[in-house]
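These notebook entries record what I looked up in one structure.

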Amino acid sequence: MRVANAKPNTSKAPDRRSIGEGGNALIKIKAKNKLKNINAMSEKRTLKGGEFLIKDVDYNSIFIPEEFNEEQKMIAQTCRDFTQSRVLPNVEQLEKHDYELMTKLLKEAGEMGLLGISIPEEYEGFGQNFVTSMLAVEEMGKGFSFAVTYSAHTGIGTLPILYFGNEEQKRKYLPKLATGEYIGAYALTEPQAGSDANAGSTKATLSEDGKYWILNGSKMWITNAGIADLFIVYAKIDDDPNLSAFIVERNTPGFKVGEEEEKMGIKGSSTCQIFFDNAKVPVENLLGERNKGFKIALYILNLGRIKLAGATVGAAKATIDASVQYATERKQFGTHIANFGAIKYKLAEMVIRTFANESLTYRASQNIEDEIAALIAEGMERDRAYIEAIRQFAIEASIAKVYGSEALDYVVDEGVQIHGGMGYSAEMMVERAYRDSRINRIFEGTNEINRLVIVGELLKRGLKGELDLMKPALAVADELMQIPDFGTGSESYFEKKHKLVKNFKKAILLVAGAALKKFGDKFQDEQEVIMNLADMLMYTYATESTLLRVEKLAQMYDEQRLQVYKDILDVLAYDNAWRIWKLGVDAVNAFAKGDEQQALLMGMKRYTKTEPVNVKEARRRIADKLIEDRRYNF
């Protein structure tokens with residue numbers, strides 16, 4: 001798969017028929033008035049955010065990708081066709097900073113409705129639900145730098161206005177953003193304020209005539225800055241403790257865009273500094289309330305995190321496809337390298353991590369969608385319901401972002417390795433995928449910050465009483481002093497897996513409870529222990545999400561077809577048991593001594609005990625299916 005060799009095609013926008021049957025999908029669907037409820041939305045919540053740690057989950061309560069309906073598949077096909085026919089043939093040209101071409105492609109996407117999937121119809125969008133928007137992001141995630149530009153525009157560059165703008169702002173800007181007439185960007189980071197975003201020094205003061213906010217300062221690493229018409233900018237008004245948000249148009253007097261940054265990857269996306277020198281922003285362009293901009297930034301970052309996870313699913317699948325195609329064509333020692341066990345291990349592990357990533361990302365996405373529906377049913381205004389639902393699942397969004405970005409990093413790294421020396425050549429797709437992947441662990445808050453968010457948000461909700469963490473933690477501590485329940489030995493396959501996941505959760509509560517007791521108010525300073533706990537939570541959520549998906553597939557597939565999915569679950573659960581054990585032991589050894597240490601270590605051993613798995617044969621079966629299909633088809 002040598003995408004980089006394809007000749008750039010900068011001809012006029014194609015006729016919709018040239019993009020395949022999916023090309024007119026959005027227009028057809030809109031014409032039939034089927035857009036408002038692609039998925040029937042539940043008005044009942046299954047879980048609150050973070051509650052997965054303390055409650056059992058039934059597979060019927062989750063959404064899995066196999067449940068996408070025909071209309072959603074049509075939308076996905078439209079995105080796929082556009083990426084394959086318009087983006088990939090031009091990817092090399094885009095990396096030469098051809099922003100005229102990038103702008104042209106975005107406007108074509110806008111004409112097809114691909115920029116307005118999340119925007120309501122009254123603002124020239126297509127009014128799709130959250131899960132459908134995630135599917136679109138996944139497909140567009142296969143487009144390298146274009147995927148970054150697209151995601152920045154449709155996500156953090158547009159949604160702050162949709163969710164926090166007043167009606168006048170929405171009617172003025174959303175139709176232009178939906179059609180591609182305007183391209184959006186998001187400006188939060190500053191040279192001295194990265195992870196600590198609220199420490200930004202960009203200032204805003206009210207003009208003497210009261211008609212303008214006068215902005216002074218600078219922002220850096222602004223995606224789409226070189227091509228954007230509209231910027232969501234954060235600054236502190238006077239001596240306010242928190243940021244406020246502003247809508248800034250490109251032609252604003254006193255506003256300037258700096259030179260393009262030369263980056264390791266995503267070279268085709270525009271990244272610049274921006275500067276404000278007494279920039280005059282109309283007072284009506286204050287977004288939301290004064291001093292409430294930091295909350296807007298956090299909500300949008302939560303949204304951006306789960307959207308990023310969706311994009312990593314698409315990018316991983318594309319890399320797996322390229323890798324298995326190469327492995328089934330490349331011969332060494334008289335046979336295709338796909339026949340070697342070492343290569344099969346890599347291919348299978350790439351599939352396992354991508355399948356888990358996909359499972360947890362769409363599970364969390366449906367949770368958000370269900371929360372939106374429930375809040376609306378209770379009488380909450382639509383935009384407020386979106387904001388609250390995204391806040392509610394901030395923990396899961398951070399888990400998805402970290403797991404997805406690190407899973408993709410593994411996939412692209414092994415993709416290069418499978419290609420051998422050719423993988424290091426710019427001629428191959430995996431070279432670009434490798435470079436482009438690395439930014440995802442920094443985007444939308446570094447993975448370190450997100451790990452702190454996972455644990456910090458969980459504990460905060462426990463202290464507020466939103467989650468009852470105390471009773472389960474005390475129950476685990478009491479259980480540790482009792483004789484272990486080894487079961488009857490007659491449990492079914494899925495009962496055993498559920499018991500294992502439940503034990504993972506007990507291991508987390510055991511370690512977290514002991515650490516909090518030890519450190520008290522100083523727990524937040526123990527970042528190494530917090531990172532251990534965050535990873536324990538992440539691996540538990542990934543295992544449970546995959547388990548629930550496979551259990552649901554058991555109701556849809558016969559045993560023969562189901563076997564490869566059980567193989568994925570078996571290897572993932574087995575490996576994660578060892579990962580969780582190591583993380584828990586490291587955490588315990590960081591703060592416990594003597595009898596307490598021995599008791600906690602005994603608990604970790606008990607709660608991560610798992611049945612033996614022939615991972616070699618399981619991985620071979622997974623790889624063999626991938627090799628037979630010559631593409632990711634799980």
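Entry one: a buried helix. In the predicted model, I looked up burial along α5 and found Phe130, Val131, Thr132, Ser133, Met134, Leu135, Ala136, Val137, Glu138, Glu139 and Met140 buried. I noted that 11 of the 11 residues of α5 are buried, so this helix is largely enclosed by the rest of the structure. I then asked what covers the buried residues of α5. The cover includes α2 (70–87), α6 (145–154), α9 and α10.

I searched for cavities of 30 Å³ or more and found one. The space in the largest cavity comes to about 40 Å³. I listed its lining as Ser118, Gln128, Asn129, Phe130, Ser133, Leu159, Tyr163, Leu303, Lys307 and Tyr386. Helix α5 (130–140) supplies at least two residues of this lining, as do α7 (159–164) and α9 (293–327). Sorted by class, the lining has five nonpolar, four polar and one charged residues.

Entry three: a helix pair. I looked up how α10 (residues 341–377) packs with α17 (residues 527–553), and recorded an angle of about 85° with the axes 8 Å apart. The two helices, α10 and α17, are therefore roughly perpendicular to each other. From α10, I recorded Phe355, Ala356, Glu358, Ser359, Leu360, Arg363, Ala364 and Asn367 in the contact. From α17, the contact takes in Tyr541, Ala542, Glu544, Ser545, Thr546, Leu548, Arg549, Val550 and Leu553. I sorted the residues of this contact of α10 with α17 into nine nonpolar, four polar and four charged.

How values were computed
Residues are numbered from 1 along each chain as its sequence is written. This is a predicted model: local features need pLDDT of at least 70, side-chain atom pairs count only at pLDDT 80 or more; totals for chains, interfaces and linings use all residues. Side-chain values use heavy atoms; hydrogens and water are left out. On a 1 Å grid over the protein atoms alone, a cavity is a set of points where a 1.4 Å probe fits but cannot get out, and a pocket is an open set with protein on both sides within 12 Å along at least five of seven lines; lining residues have an atom within 4 Å of a point. Grid points are joined across faces, edges and corners, and a volume is the space filled by probe spheres set on the points. Helices (H or I, at least four residues) and strands (E, at least two) are DSSP runs, numbered from the N terminus. Ala, Val, Leu, Ile, Met, Phe, Trp, Tyr, Cys and Pro count as nonpolar, Asp, Glu, Lys and Arg as charged, and the others, Gly among them, as polar. Axes are lines fitted to C-alpha atoms, for helices over the stretch in contact, and angles run from 0 to 180 degrees between N-to-C directions. Angles under 35 degrees count as roughly parallel, over 145 as roughly antiparallel, 65 to 115 as roughly perpendicular and the rest as oblique. Contact means heavy atoms within 4.5 Å. Buried means under 20% relative accessible area, exposed over 50%, partly exposed in between (1.4 Å probe, protein chains only).
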